[in-house]
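Student: Could we go through this model together, with the cut-offs stated as we meet them?

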Amino acid sequence: MSVNQQAHTGPPYGQPQPGYQGYQQPAYGGQPLPGVPQLQYGAYNGPMPGYQQPAPPQGYFPSLGFPSKGSPVSLNSDTSSLAPNFIGSLRAPSTSGASLPSDHLTYSPFGQGDVQNGIPASAAPMQRPPASQPYLPGSASMPVTQTPTFQQYGPPPTSVQQLSKHMAGMTVGIIAASAPPPAGLGYGAPRPPTMPGPPLPGQTAAGPPASQPNHVFSPPPPSSVSGPQPGPLMSGLHGPPPPTHPPQPGYQMQQNGSFGQVRGPQPNCGAAYPGPPNYGRQPGPPPPPKRLDPDSIPSPQLNELPPQQKPRHRIDPDAIPSPIQVIEDDRNNCGSEPFVTGVRGQVPPLVTTDFLVKDQGNASPRYIRCTSYNIPCTSDMAKQSQVPLAAVIKPLATLRPEETLPYLVDHGESGPVRCNRCKAYMCPFMQFIEGGRRFQCCFCSCVTEVPPHYFQHLDHTGKRVDFCDRPELSLGSYEFLATVDYCKNNKFPSPPAFIFMIDVSYNAVKSGLVRLICEELKSLLDYLPREGNMEESAIRVGFVTYNKVLHFYNVKSSLAQPQMMVVSDVADMFVPLLDGFLVNVNESRTVIASLLDQIPEMFADTRETETVFAPVIQAGLEALKAAECAGKLFIFHTSLPIAEAPGKLKNRDDKKLINTDKEKTLFQPQTSFYNNLAKDCVTQGCCVDLFLFPNQYLDVATLGVVTYQTGGSIYKYAYFQLETDQDRFLNDLRRDVQKEVGFDAVMRVRTSTGIRATDFFGAFYMSNTTDVEMAGLDCDKTITVEFKHDDKLSEDSGALLQCALLYTSCAGQRRLRIHNLSLNCCTQLADLYRNCETDTLINYLAKYAYRGVLSSPVKTVRDALINQCAQILACYRKNCASPSSAGQLILPECMKLLPVYLNCVLKSDVLQPGLEVTTDDRAYIRQLVTSMDVAETNVFFYPRLLPLTKADVDSDSLPAAIRNSEERLSKGDIYLLENGLNIFVWVGVNVQQGLIQNLFGVSSFSQISNGLSTLPVLENPFSKKVRSIIDMLQMQRSRYMKLIIVKQEDKLEMLFKHFLVEDKSLSGGASYVDFLCHMHKEIRQLLS
Ligand SMILES: [Zn+2]
């Protein structure tokens, strides 16, 4: 089938086609970046010649920093649980002490030029960049280079085996537990609690030869001696005798089999594997117990290591499936050729693989990923396997620059062609019949007349002759221009508005935050999203400041100075002005600049510590209502809203509830007030983005409700300090303001007969069982949808999904974005297990569990997760694997990482909090994960760990990742760990002085400051390389990650170790090895 995207230039579209600049390419600053999230500040080089980052106000913040006790370094935020209560003494005058507006309901326009509060009336209009300076050197972490979003890291892909990995569910291996571990997760042998003294050989695992899975092992040697591996059986891999581990008491496990290979081109389960004869599932007497030695793989560093002894009966961490190896293999197999979407049920490369997508009839995996691409024909089969059928959908996902954005199809007044019955949209799977006069719906089989204007003849194969000229007949993803029928009240929408709402209470002012935000907005407002070829953004802006009263600003272009109006009756919020509140940035430029200059001055002496919150949202909502448009509120908020007002909250944090039946209340909002408010916001298309700067508990679980249900984003900067946090905050803010977003969105997922969408996870609101409503939906948000059978499916026809998203673009255009995906159906369980995607499965399971904690005790949720996964694996073992001894653990090839990843979910802070994790952190993480895509959950649960000292300073590549375990670390190296929220740089105590000098600019390890959060900009290859790696990682993520430098044996190291997820955690989480044994036991119980 020739699908020619070039053909789209023709008239049928009525649209400019290839390259179609006019659309959704947020060409900020004249740099068209097709769909690339505006992480790149290159974009700032636009219309403002040389937009320069304003320097922080000079002489202002240094003296205003918070008392430095607040932990500047934390997990995602607060680690030390309590902030210094330094505001106590200042709270006495808790009247709105500021000289500002009084508490009565006044509209006190401080008229033209007559500014109150000591603001000089002559406040410079239009403070463009006199005070601006080039971006601070220290902030060089904000890269100016425009690296593509999907950086390739790791070795270049070498071969294409797109299909090979989908082949047989490989036997992964065997672990025979001669001494089953005790039940529960807290079991497991004690390990040396601290960094082991001598370097462990584990670190060498970083460098196994490419594409050689490091857990391929030969059958055991005849004796159980823990000696060298017999080389010959290792497919010729292993030369020199390995070193051995130091004695480590406790691991009582024995291994009597071999762990199997991997995503190679093995045609079938184990049998054809040319290597170890006893590969995984050879029936027959189990070989004598033995210990497998991971270190039999030669590695350059091996020789440097002292000879060590290994315990006799330890399960070898290298003998169990390695995430690093799976990622590496997929990259090598799938990374070099485009993923072409023309084939039904084709499993895409992993999210960790850098690949290009060509749309040939199915939606790109960037838009939709499924837990399985071959789904059981019957409900019974699905239940038996326990494999959840789910799709993770990211409707507005950012594509790679080389990929084509969805074309916009305009059918004029008649609108898109749809099935008469189920209302599915025209798509490549519709069948035209009767010479093209009718079409049969691929979802419900109903036959619909083709409208005369849409008629076209069929060719000899029954295809319309114009099919390749029409995106909706040839592509998996495309858009329709919506007609007025798709608009609220049958009226085309107005362009959306952004309202900036700034907390000006004591904390916000004293930390320098208010000034920082105002300075930033002065430039950022020139970069609001705009529709591709439009000269300026259609988005209007408005400004509100607040503490326990609200201040609205009239910034009408005709005014010489902004006017403030105060509303102190927060119980019944309304907007005191209509004209002049929402304005065009260009028209009101001078007045806005003046306002942003004045705000920090006006509140500089405030003593007001109390804030309201709900009235702020209400005010924004009312303003949008009055303007009859959708929009987004950007709320910058610092504290628990305890001032008398609707939605007032009390501090109800109570860590003692952890591990009790009441723990769930910590995740629930403390009042339903915000749920109702959220509903009103969704109705209006009012999306709320929340930037939180807490110094203590502020109840994220409650404050986040509206954000969450309106499709907004939450950002949290605990103990915000200008020096350490401003880069992160500003980068997040810039990206958040600029990123592609749709408003007033409704998403529906249609399916072919036999399955239907039954459950939804994500940041949205639902008023019925089918429509997912989002006041705003941006390019980073995903919705996970679960499907259940309601009838039988057939192998012939397969199953189809169609996701239709109706939304308003940033210019106010109403559109429909359609994504189609066709899946295979199977009658054999083996086919299901062969076509699963574990990363997507984990995304679903995590979201399912994170929702579960709202209603069930955390332990129940954890147990249910373990049980479901044990059933999944037991079903495979029982039905798909060939007979073998019960002592063998056999994992399906596509799911061999399920145990390790599942363990990471179980140990995560939501399900098993560490001591240092706050209640707000948990609520925050819970909400974040619920909107994450598969790539984000993957790195969040299993962080990426890179040995920086192994980086090749002359190439663009990243050093090969290593497994997340302390024993992989060497004292002589520097490592980077990232999880999408944080970047740790860990420095070993024995790192060469030269490296330390090059990276930190100090002469020895001991001179590196504790708690460092930036790297100095030094002119040497190593420093440049490390900073470029960090920049590259920052650009791959949707949030700017917090950088934390950790010195080995420093107290911060505990924080870092929390993310070494293959190890036993301090909070009681099992090590990977222990958990695998536990899963094995669970599976055996199910099978017996
Ligand atoms: Zn239909």
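Student: Is Arg735 buried or exposed?

Tutor: This is a predicted model, in which local features need pLDDT of at least 70, side-chain atom pairs count only at pLDDT 80 or more, and totals for chains, interfaces and linings use all residues. Residues are numbered from 1 along each chain as its sequence is written, and side-chain values use heavy atoms, with hydrogens and water left out. Arg735 is found in helix H10 (residues 722–738), where helices (H or I, at least four residues) and strands (E, at least two) are DSSP runs numbered from the N terminus. Its relative accessible area is 3%, and since buried means under 20%, exposed over 50% and partly exposed in between (1.4 Å probe, protein chains only), Arg735 is buried.

Student: How many of the residues of strand E18 are buried?

Tutor: Strand E18 covers residues 741–751 and is largely enclosed by the rest of the structure.

Student: In E22, which residue is the bridge partner of Met747?

Tutor: E18 and strand E22 (residues 799–808) run antiparallel and are joined by 7 bridges, where two strands pair if DSSP finds at least two bridges between them. Within E22, the partner of Met747 is Leu805.

Student: In E20, which residue is the bridge partner of Val746?

Tutor: Strand E20 (residues 772–778) pairs with E18 in the antiparallel sense, over 6 bridges. Within E20, the partner of Val746 is Glu773.
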